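These are my notebook entries on a single protein chain. I set down each point as I looked it up.

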Amino acid sequence: MFRLFVTNTHSMLNNKPLADRLRPTTLDEVVGQQHILGKNRILRNIIESGNIPNMIFYGLSGTGKTTVANIAAKSSNKALYRLNATNASVSDIKNIVRESDGLFGQNGILLYLDEIKNNSNLCLNTPKTEKSP
């Protein structure tokens, strides 16, 4: 009998989005961004050192920000926390810092805050520098 839908147990258990399943896992697999990720380039050297400083990745969708953050976390053996600024709050960030022995704990953390440009609720009581008309 012909089966229209074949059930694959492995694919049913792997509920990760397709983008996550196909995402590069090493810097050598990343396509593009060679000006910063190529051999002996600055970001590649930082990631390969395992000593990851504070960084902000900014760019259009599909340029590799999430991929590079995942690779950096894996190479540094630091926990990667991913939040989306469209639904995250300051208390979410404070909870992560509290649960991880602080920002300067023994292992440190990597916080990937996606879509930060779309949410101003995460501003931490920053003073206004411009006057409203």
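In what order do the elements of the protein chain run from the N terminus on? I read the order as α-α-α-α-α-β-α-β. I note that the model is a predicted one.

**Entry: overall figures.** I counted 6 helices and 2 strands in the secondary structure of the protein chain. I then looked up burial, and found that buried residues make up 25% of the 133 residues. For the surface, I recorded that the chain exposes about 10600 Å², with carbon and sulfur atoms supplying 54% of that area. I also looked at contacts between residues at least 6 apart in sequence, of which 59% join residues at least 24 apart.

**Entry: the nonpolar core.** I next listed the largest nonpolar core, which has 11 residues. Its members are L27, V30, L37, L43, I47, I52, V68, I71, A72, A73 and L110. I found that α4 (42-49) and α5 (65-76) each supply at least two residues of this core. The most comes from α5, which gives 4 residues. As general background, I recall that nonpolar side chains tend to be buried together in soluble globular proteins.

I took I71, one of the core residues, for a closer look. Setting aside neighbours within four places in sequence, I found I71 in contact with P24, T25, T26, L27, V30 and I47.

**Entry: helix α5.** I checked the length of α5 and found 12 residues, with 16 Å from the first C-alpha to the last. That span is close to the 16 Å expected at 1.5 Å a residue.

**Entry: positive phi values.** I recall that most residues other than glycine have a negative phi. I therefore looked up the exceptions below with that background in mind.

Following α5 is N77, whose phi is positive, near 60 degrees.

Are N40 and N77 buried or exposed? I recorded N40 as exposed, with a relative accessible area of 68%. N77 is exposed as well, with a relative accessible area of 67%.

Technical notes. Residues numbered from 1 in each chain as written. Predicted model: local features only at pLDDT ≥ 70, side-chain atom pairs only at ≥ 80, totals over all residues. Heavy atoms only, no water. Core = buried A, V, L, I, M, F, W, Y, C linked by side-chain atoms within 4.5 Å. Buried < 20%, exposed > 50% of the residue type's maximum accessible area, 1.4 Å probe, protein only. Contact = heavy atoms within 4.5 Å. Areas by Shrake-Rupley, 256 points an atom, 1.4 Å probe, with all protein chains shown as cover. Expected span 1.5 Å × (residues − 1).
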